[in-house]
Amino acid sequence: MIDIYQFEFTVGKESIDILGHVNNREYLRWMEKAAIEHAASLGWDAQAYLQRGETWVAREHWIEYLRQTYEGERLTVYSWVSSINDSRSLRRYAIKRGDRVVCVGATEWVYIDFKTGRPKEIPDDVAASFAVIPDGDPRLEERGIVRLVRFSPHLDL
């Protein structure tokens, strides 16, 4: 089981905005890519969810931009599940350039039934596939991820 998913890439020209740095929308795109790839690496790709008639949808995103990034820089995106309960899951992200965190984020995902479009309880086999990494876990500190996105406590799962 991959507890903290990560991928590395080099920022391309297509990610740069008129100010000469990475456009904010790119961070969300990279976060979504990490979430999808992490789930797929655990056996939950789009086809697996389609066969069940269920999937995850994003309810809310939170992103805190800490440092600008530029074309040609090498970045690492980290993603992990922070909590799972009922029909919701909180997934966190950190994006680093070398040893510096440049962005942190979180997404509240809701598990839904395709036919009704309504939330449903996360099946045990789906929930069991994802390790839950709580805030302050030593595995995060080992990777140099000590700053997590700040958002209203009432939204925390």
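This is a predicted model: local features need pLDDT of at least 70, side-chain atom pairs count only at pLDDT 80 or more; totals for chains, interfaces and linings use all residues.
1. Five strands make an open sheet. Their order is β1-β3-β4-β5-β2, and the pairing is antiparallel. Strands β1 (5-10) and β2 (54-65) are at the edges. Each has a single partner strand, so one side of each lacks a neighbour in the sheet. From one strand to the next, the twist averages 25°.

2. Strand β2 runs antiparallel to β5 (residues 100-113), and 11 bridges join them. As a landmark in this pair, look for A58, which stands opposite W109 in β5.

3. **Helix on sheet.** Helix α1 (residues 24-41) packs on the sheet. It touches β1, β2, β3 (74-85), β4 (88-97) and β5. The direction of α1 makes about 135° with that of β1.

4. **A residue to check: T55.** Is T55 buried or exposed? Its relative accessibility is 18%, and buried means under 20%, so T55 counts as buried. T55 is found in strand β2. Beyond its neighbours within four places in sequence, T55 is in contact with Y49, V110, Y111, I112 and F114.

5. **Length of α1.** Helix α1 has 18 residues. At 1.5 Å a residue, they should span 26 Å. The end C-alpha atoms of α1 are 26 Å apart, which agrees.

6. **Ends of α1.** The N-terminal end of α1 is capped by N23. A side-chain oxygen of N23 lies 2.9 Å from the backbone nitrogen of R25. After α1 comes G43, with a positive phi near 95°.

7. **Buried face of α1.** Which residues of α1 are buried? They are E26, Y27, W30, M31, A34, A35, H38 and A39.

8. **The largest nonpolar core.** This core has 15 residues. Those touching the most other members are W44, Y49, W56, Y111, V126 and F130. Helix α1, helix α2 (46-52) and strand β5 each supply at least two residues. Helix α1 gives the most, with three.

9. **W44 in detail.** Setting aside residues up to four places away in sequence, W44 touches A39, Y49, R52, D125, V126, S129 and F130. Of these, Y49, V126 and F130 are also among the core residues that touch the most other members.

10. Another core lies apart from the largest one. It holds 13 residues, including V11, A34, L75 and I95. A34 is also one of the buried residues of α1.

Conventions: Residues are numbered from 1 along each chain as its sequence is written. Side-chain values use heavy atoms; hydrogens and water are left out. Two strands pair if DSSP finds at least two bridges between them. Helices (H or I, at least four residues) and strands (E, at least two) are DSSP runs, numbered from the N terminus. Axes are lines fitted to C-alpha atoms, for helices over the stretch in contact, and angles run from 0 to 180 degrees between N-to-C directions. Contact means heavy atoms within 4.5 Å. Buried means under 20% relative accessible area, exposed over 50%, partly exposed in between (1.4 Å probe, protein chains only). A nonpolar core is a set of buried Ala, Val, Leu, Ile, Met, Phe, Trp, Tyr and Cys residues joined through side-chain atoms within 4.5 Å. The expected span of a helix is 1.5 Å times one less than its number of residues. A polar contact is a pair of N or O atoms within 3.5 Å; within protein, one must be able to donate a hydrogen and the other to accept it, and residues adjacent in sequence count only if both atoms are side-chain atoms.
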